[in-house]
Every structure is written in structure tokens, then in C-alpha cells.
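Please keep the sequence and the coordinates in view while reading.

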Amino acid sequence: MSNHVRPAAATSPVLAVRGLTKRYPGVLALDGMDLEVRPREVVGLIGENGAGKSTLLKSLVGLAQPDSGSIVVRGEEVRLRGVAHAASVGIGMVFQEQSLVPNITVAENILLGAEGSGVRGGLFRWRRMAELAQVQLDKIGSTVSARARTDSLTFAQRQMVEVAKVLALEERTAHEPVVLLDEPTSVLEREEVETLFAQVRRLRERASVVFVSHRLDEVLEISDRVYVLRNGRVVAEVDPAEVDATDLHHLLIGRESTGSHYHDDAQQQPAADVRLSVRDLQTAGCTQASFEIRAGEVLGVAGVQGSGREELCRALFGAVPGARGEVLLDGKPLRLDSPRAAVLAGVGYVPSERRTEGVVSSMSVTENMSMAHVGTVCRGPVIDGRRERALVDTWVRRLGIRTPSGDTAIGTLSGGNQQKVVLARWMVSEQLRLLILDHPTRGLDVGAKSEVYELIRELAGSGCAVLLLSDTLEEALAMSHRVLVMKDGRITACLDAPRGGKPDPVAIMEAMV
Amino acid sequence: MAGDTAPHAPTRTLEPAPLAGAPAPGAGGGNGDAPAATSGRARATRSADVVQTRASLIALAVLVVVFAAISPQFRTAGNLQQIIDAAAVLAVLATGITFVLMLGAIDLSLPGVIGACAMTVSLLVANSRNTQDLGLLGIALTILLGAAFGLLSGVLSTRLRIPTFMTTLGMSAIGLGIATILFAGVRPVVLDESLGAWASHRIAGFTVMSLIAVAAVALGWAIQRWTRIGRYAAAIGGAEDIVLLSGVPVARYKTLAFGVAGAFYGLGAVMLTARLGSGVVEAGAGTDFAAITAAVIGGTLLSGGRGGVLQSMIGVLALTVLANGLILTGVSPYVQQAVQGVIVVLAVAVATWPVRRRLGVVK
């Protein structure tokens, strides 16, 4: 391993980031980030979830406003106000979730908002539009027709169109643009990745490229320089010729002690009986998943974005249409066709998007908590207010939820307290047999995280099976009895993680990427 | 009309894949991340587009065949003229509302806007109430008034961020209020002969009004095909956030789309006044429902981005044939309205069927 730094290049950077800092509630997403992009080079960015990659990219196209630090474009400090503004200084991004309008033509998408001579006197000149778009498509050697409707293209083709759209910036800025590629390979087949790489190399003849990917081998293959990010900072700048994937794994994980943060002592031996048995679960993005969880066991699922672990969890909760497979809960078949069926069978789900899927923010703490099992506080068809309040009071006290009262709108509570209400929603049910936690600590501060961990321990201790998707590998390892590793929609490994004998994160990282 | 499903119809063909041998991601399993889901949805939308247009045409054909089999009167050339003439006003209104629906917005302002415009035109051309005789200029001013109503709806929706459902409903009430004030208790009878001739004079068997309607629909199609208003409306309906991120002044183009729609309502009001022979406050009653129904049956999705002026015309013809056929087969006009209601719900169900599982939460 070598934290090799090249001698200062003769050319000045096209884009430089100096001490960029961005704080979100409870999270320091960027913590004095420093990096630079030189003309006609491919810069690779790697880092675990939460390392600050996406916040950095958002800042570079004006979608996030940094709290401090500066972004310098060709020697001039800029305050980017939005994507259009970033485009005007020559920074364009190919978004991971694609940013093309599906129901219009390729040419319209490439030129959207900057049709130039494609529109004369308010009227579209379709032939001219196609010609102008073709110029951009030719730059990357794409054979996509400019007149094709965008939604008739394959994903890989649309990605090329996005690159062409970003290249159209050249016409406006008279400078070579900086193209940010956010996880461009995450949904491509191997041959398509080759094509993309050929085009990235071609792109390097006329632009600077920032390449972000979870796949280390790809980053090493395509980049001229690689920055390793961790906790919102650049921890290393490496020359891909001089490092291998294992070096990068070490850099990515770092060496931090876990401490009592995870309540390690509370990890108990799970019971012997199998709670959930999954055989050949098949759903979009996840194939042939087979595994078991025992009562009182926490099963962590590790994997990068696109590994299929989110799909797996949602499928078990019946939230993905078309999921198939033999799933037994305490020996009885579990229907996968609706969340309702899952809830009735004793399965709970804490979604990762707390604000949009976890809580109804305009409703009270009480309503949010009793939502899934409102039947238990009903007298006939009517909700028994007194019984509901009593139940909620009990749980507010038990979980130490800091709220002025049960009638407070949940949206006004802190993230950690909101999450505790969501957990309580499932814990109130005596029939809870399996709880699926999809990034339960996302966006929480350290203290709140620790409290959530304690609750998970307690839940497992009471015999509930827990399926845990974590933000970080460290969390998955510390909290779980066993860890499943997923990659490209398949389970690639399953490791025991008993108390005091946690596996080496580097081994898992290798199975992940 | 049949084959031309959209302005980009000739480009609809799938280009040969540039990535030799590369299977489509998302379809071939692999790692279905969010973007793959997007691609799957896009594909479903597109095929749904074609399926929907085809379904609308088949529905129209079925109606024609069924009524032609039952009613000998239905099969006459005279009845074809009748249907075209009867469809004229609805065709113009549906053309207008298509621009709004393409945005993913809704427009309920038709009854009020049409009422106000109907009263206005009847008082601006030669009439029994006052001494105005502006003729064509009066008609042009009425169309501008319609456009102004539309622009106002658009401005209120985009600047004050009020849902279009609410602004246009309010606009309808305002329009009806203005119409009632203009009415002032005495119905103005239209004395302008050229306007009267819209409904009575025939060229090659069709009323002048029908020919004007055809020209208006063609103009609407051209606006949709060749102008920023039309193209951006489709793009905004397809993915508003992306259009906004591309630096397009979305609010402005939404407002303009409402303005275009309003102008068509103004023209529709003039046509209705010519047909009725006098200014009537309630001239537009029920037109909101009819126009939306026609557009939806034709395949213009209420969530925006899909359909178009020509598709809406399939819906207009289907509705008109239905009404005409129900009359000729002796069904009571009261029952007809209920039938129309059933048809629109069915049409929406059919239109959203292919994407039904993906719609998620429906409000």
C-alpha cells in the first residue's frame, strides 16, 4: 500500500475543492474535504456508504450548499446555485437515477433548455435538432439515433445519451467540461461496462471525468488517480498502478474501535428453533436467495448499493410485486403479496426512508405508534382513546421517547425519537416474530444510534428475529449474530459473528465488491 | 388520424443496439437497482402508450359496428355528417384541455370560462341587446379572453402554488359570475349573420363550424408538435423535476399551456353561441367532464406526459358516436349521462391497467 502522491502537475486544476464542509442534522457529511481534478484526467472516488461521495457530488452541481469551504473552477471561486448554474461553468453530472425525460426524443433531451438553432422563431426544426444532438452523440461514438424516443432505449443507451447531454455543455462554456459519473456501472452488464469504459477513455480526450463507483476493480481500471473517502474526508490519494484492491479495502474501512457503542455485552445466544426459512427467493434485483433466521437472532445483510439486499428485505415484507419463493415463518408459509399479509403473520418493517415511508409526519406520536395494530386498542369499530393513550404512554416511557406528549405531531421530534416511535409501532404487537430493519440508524446522531442498538438487542433478547440492513459494515458486524453478504443480487457468503469473535471486515468487503 | 399516435411517431422505432450483444439491463435480471426499475417502468409506459391508443381505436370501432348493426339510421351518410357536426365543439375543447392534461394538471374551469366567453361574444357581435357590431374582431377578442382566463389559472397555480384542481374550479366560478353579470337578466340574441352561418351554412356537406373545428384541431396538433409550449408540456408531464434541473422555466411554460387551452375554450364558446343563436350563461355546463372524458378515453393520461391532441380526437369521436348511437337506438337522454359516467371510469381503469401495480398510492 502506498499513499502515493504525484508531484504537482504542471497544469493547474480545472476544479478544486478546498475544505468543503457540510453538516446535515445529526451527520457531518463533509468534514473539510480537499481534492482537485486536473484537465483531461479520470479521477476515481471510492468510499463506504456515508463517506460523503454523494454529498460531494451534489455540492459540485449546486444541489447541496456547503456550510464552509470553497469550490474553485479554473481558478475562480464559485457558489453554485443549481444544476443549470453548474452547467454554465462547465460541470455536468450523469445522475445515478437517470435524469432523462422518458417521453420525448433523444435530441430533445440532449438539448433540453438550450435548443439553440434547433428552435427558430419559436418553432422546432426537427432536422436541425437531430443534427445538433448528433454532434454530441458522435463525440462519444454512440450509435443511438437522435430521433428515437428516449424510453425506447436500453439503460446503457440512455446512459450514453446522458453523457452526450453533459458534453453539450462544451458548446455553451467554450471550456472542456468536468463530467461527474455517479455509480455509472451499477446496473450495467459486463460488456456494457467495457463499452462505457471505452467511452470514458474517449471522453478523457476532451474533458475531465470524476468516476464514482462501489466496484473497486473498476475504479482501479479506469482512473488515473483515486481518492479514498471516509467520514467526509479524503483519507488517501493513490495511484491505481501501485495499489491493489486489498490495500483499498483497508483504506476504506479504517481502524476504528467499536467500543460499547453497540452494546456488545447484550448479544445473547439465539434460540435453536428456526423462525424464518427462505428458499430460492426470486425478485427483481435478487435471485435464488436461501437462508434461515433463528428466533432471537440478528441477521445482518451486507452489500453495496445494487447488491439486491434492499429488494430482498422489501420482498419479505410483501412490498415488491411479483416476488416468488418458498418462505416459511415458524413453519407456516408466508405470503409475499402484500404488506398486510406480512403484518398479520407477525412481520414488521422499518423502512430506510423514515420521512416518506416510516412516519406520517403531520400525525401525532400516538397515531403513528398505534397505526399498524390499531385493532388492539379498538372497542368494536371505534378506537378506544383511553386504551390507545395508555398503550402509547407505556411505550413512550419504556423506550424513553422524548416527546412533550402523545398528541405532538411526530414531525417535530428529532430523528432518533421518530425512529423509536417507528420501532415501538412494531414492538407493541405481542405477535411480532420477525422485524426487518432497513437502515434503522440512517441520519441519526451517535447517541440516538446507540439507543436504537440497545432496542435491537432487547428485541432479539425477547426472542424476535431481526433482519438488519446497515449503513456501515461495522454496524452490521457488531450487531449481528451472522452476516449474509450479497453481491449483484446473489448471496455470496454467510459468516458467523458471535460475541467476541467478529469476522474481519476486510474479508467481507472482498465478498461485497 | 389512426396511425399517427404522437408527433414523434416516425421516430418510435427502436434503433439497433449500439452495444453489441449487450442484453437489456433490468430485463435480464442482474442487479436491479433503482435505475433498472426506472427503465422497466419507461418500457411499460411506452408499450402502454401504444396499447392504449390501439385500445381507444378498437373501442371506437366496436361502438361504430354495434350501432351500425342495431340501427339502420346510424349507417347513413347523413348521420356521419351529423356526428362530425356534433363532435365539432367537443373536439375544440378537448384539444385545449389536452395541453393541460399533458402537464399532469387538470382543468375544471371550462363551464365558467365558456359561460363568460359565450356572453362576451354575443354582446360584441351584432345582437339584440346593444349596438355593438364588431364581427370577427369580437370573436378574436373572445378567444383572447379565453386565453386570459387560462393564463390566470396558470399564474395562480404556478406562482401561488395552488393545485390546479382548486384554481381552475375557482376560475370556473369566477367565469360564471362574470357571465351572470353580463347576462343582466336579458338574453342577447345573436344577429350577426356570419356567426349564425357557422351553424347553418354548409360547405361540401359539413357546417362551417365543423371545418373551423378541423382547422383548430390541426393548429392544436401543430402547436404540440413544433412549439416549445407543446414540447415542454409533454416533457414537464413526463418528468417535471428533470426539466426544471435542465434550466427550463417550467412555471412559464405551464402557464402558457394553460393560456393555449383557454384560447381553445374561447373558440369553443363562440361555436356554442353560434349553435345556440344567443348568449347563454350555462353554455359550458358539463363540458369539463366531457372534455376530460374524451381526452382520457383517447389515452391522455391524467398523470401527464402521455397522449396528445390526435389521441384525444379518438375519444371525442367515441363519445359522440356513443351519444348519437344511444339516441338512435332509443335510449333516454337521462340514461345517457349515466352511461357516459360509467364509460369514463372504465376508460381510466383500462388506461392505467398496464401500470396499475406501479402507481402505488392513489389520491
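Helices (H or I, at least four residues) and strands (E, at least two) are DSSP runs, numbered from the N terminus. In these terms, A:Asp496 is found in strand E24 (residues 490-496) of chain A. This is a predicted model, in which local features need pLDDT of at least 70 and side-chain atom pairs count only at pLDDT 80 or more, while totals for chains, interfaces and linings use all residues. Residues are numbered from 1 along each chain as its sequence is written, and chains are lettered from A and ligands numbered from 1 in the order in which they are written.

A residue is buried if 20 or more other C-beta atoms, placed from the backbone, lie within 10 Å of its own, exposed if 12 or fewer, and partly exposed in between. A:Asp496 has 11 C-beta neighbours inside 10 Å and therefore counts as exposed. From A:Asp496 to A:Gln269 the C-alpha to C-alpha distance is 12 Å, although 227 residues separate them in sequence.

By an automatic or database domain assignment, chain A is divided into domain 1 (15-253), domain 2 (259-346 + 432-512) and domain 3 (361-428). The centres of domain 1 and domain 2 of chain A, taken over C-alpha atoms, are 34 Å apart.

Chain A also holds an open sheet of 6 strands with mixed pairing, in the order E6-E9-E10-E3-E11-E12; two strands pair if DSSP finds at least two bridges between them. Its edges are strand E6 (91-94) and strand E12 (233-238) of chain A, each of which pairs on one side only. Within the sheet, strand E3 (residues 42-47) and strand E11 (residues 225-230) of chain A run parallel and are joined by 5 bridges. A:Ile46 stands opposite A:Val228 in E11(A).

Chain B has 12 helices and 2 strands. Of its 363 residues, 53% count as buried. Helix H3 (residues 110-124) and helix H10 (residues 287-298) of chain B pack at about 120 degrees with their axes 7 Å apart; axes are lines fitted to C-alpha atoms, for helices over the stretch in contact, and angles run from 0 to 180 degrees between N-to-C directions. H3(B) and H10(B) are therefore oblique to each other, since angles under 35 degrees count as roughly parallel, over 145 as roughly antiparallel, 65 to 115 as roughly perpendicular and the rest as oblique. B:Leu110, B:Pro111 and B:Ile114 of H3(B) make the contact with B:Thr287, B:Asp288 and B:Ala291 of H10(B), where contact requires C-beta atoms, placed from the backbone, within 7 Å.

Note on methods: Contact = placed C-beta atoms within 7 Å.
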